[in-house]
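The sequence and the model are shown first, and the description follows.

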Amino acid sequence: MAAEQTNHRFDVELKRLEKRLEELVGVCRQLQEENKSLRQRQDSLTSERASLLHKNEQVRGRVEAMIGRLKSMEQAS
């Protein structure tokens with residue numbers, strides 16, 4: 001009878017550990033998906049930032065050219 005109780009306790013503990021392991025596997029999968037999504041978002045934001053920096057440089061160049069033209073018009077008059 002003591003052996004049966006020991007086996008029963010062992011089985012209960014084993015099932016508890018199996019359940020916990022399944023939960024941990026689920027959490028790992030969820031974290032992997034979240035990590036993948038965050039990496040994609042980071043890549044997208046990095047691309048967007050590079051594009052905005054490029055546009056900013058283009059606008060800066062245009063504004064500097066306009067300022068130069070205005071200064072030359074001012075000096076000519």
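## Basis and overall fold

Helices are DSSP runs of H or I with at least four residues, numbered from the N terminus. The model described here is predicted. Its protein chain contains 1 helix and 0 strands. That helix, α1, covers residues 2-76.

A compact globule of 77 residues would have a radius of gyration near 11 Å, whereas the protein chain has 33 Å. Along the principal axes, the C-alpha atoms occupy a box of roughly 110 × 10 × 5 Å.

## Exposure

What share of the 77 residues counts as buried? The figure for the protein chain is 0%. Because buried means under 20% relative accessible area, a residue such as Ser-51, at 35%, falls into the partly exposed class. Ser-51 is placed in helix α1.

The protein chain has an accessible surface of about 7600 Å². Carbon and sulfur atoms account for 55% of that surface.

## Charges and salt bridges

The protein chain carries 15 positive and 13 negative side chains. The centres of these two sets lie 7 Å apart. How many salt bridges are counted? The count comes to 3, with a side-chain nitrogen of Lys or Arg required to be within 4 Å of a carboxyl oxygen of Asp or Glu.

Arg-16 is partly exposed, at a relative accessible area of 47%, and Glu-13 is partly exposed at 35%.

Another pairs Arg-20 with Glu-23, where the closest N and O atoms are 3.3 Å apart. Because Arg-20 and Glu-23 are 3 residues apart in helix α1, their separation is about one helical turn. Arg-20 counts as partly exposed at 43% relative accessibility, and Glu-23 counts as partly exposed at 36%.

The side chains of Arg-60 and Glu-57 also meet in a salt bridge, at 3.0 Å from N to O. Arg-60 and Glu-57 are 3 residues apart in helix α1, which means that about one helical turn lies between them. Relative accessibility is 41% for Arg-60, which counts as partly exposed; Glu-57, at 46%, also counts as partly exposed.

## Nonpolar surface

Which residues form a nonpolar patch on the surface? The patch consists of Leu-21, Leu-24 and Val-25, and together these residues have about 240 Å² of accessible area. Leu-21 lies in helix α1. With a relative accessible area of 53%, Leu-21 is classed as exposed, because the exposed class begins over 50%.

## Summary

The predicted model shows a protein chain with 1 helix and 0 strands, in which 0% of the residues count as buried. Its charged side chains include 3 salt bridges, and its surface includes a nonpolar patch formed by Leu-21, Leu-24 and Val-25.

Technical notes
Residues are numbered from 1 along each chain as its sequence is written. This is a predicted model: local features need pLDDT of at least 70, side-chain atom pairs count only at pLDDT 80 or more; totals for chains, interfaces and linings use all residues. Side-chain values use heavy atoms; hydrogens and water are left out. Helices (H or I, at least four residues) and strands (E, at least two) are DSSP runs, numbered from the N terminus. The radius of gyration is taken over C-alpha atoms; the globule rule is 2.2 Å times the number of residues to the power 0.38. Buried means under 20% relative accessible area, exposed over 50%, partly exposed in between (1.4 Å probe, protein chains only). Accessible areas come from the Shrake-Rupley method with a 1.4 Å probe; for residues, only the protein chains shown count as cover. Lys and Arg count as positive and Asp and Glu as negative; His and the chain ends are not counted. The place of a charge is taken as NZ of Lys, CZ of Arg, CG of Asp or CD of Glu. Patches are made of residues with over 30% relative accessible area and no salt bridge: like charges are joined within 9 Å, nonpolar side chains (Val, Leu, Ile, Met, Phe, Trp, Tyr) within 5 Å.
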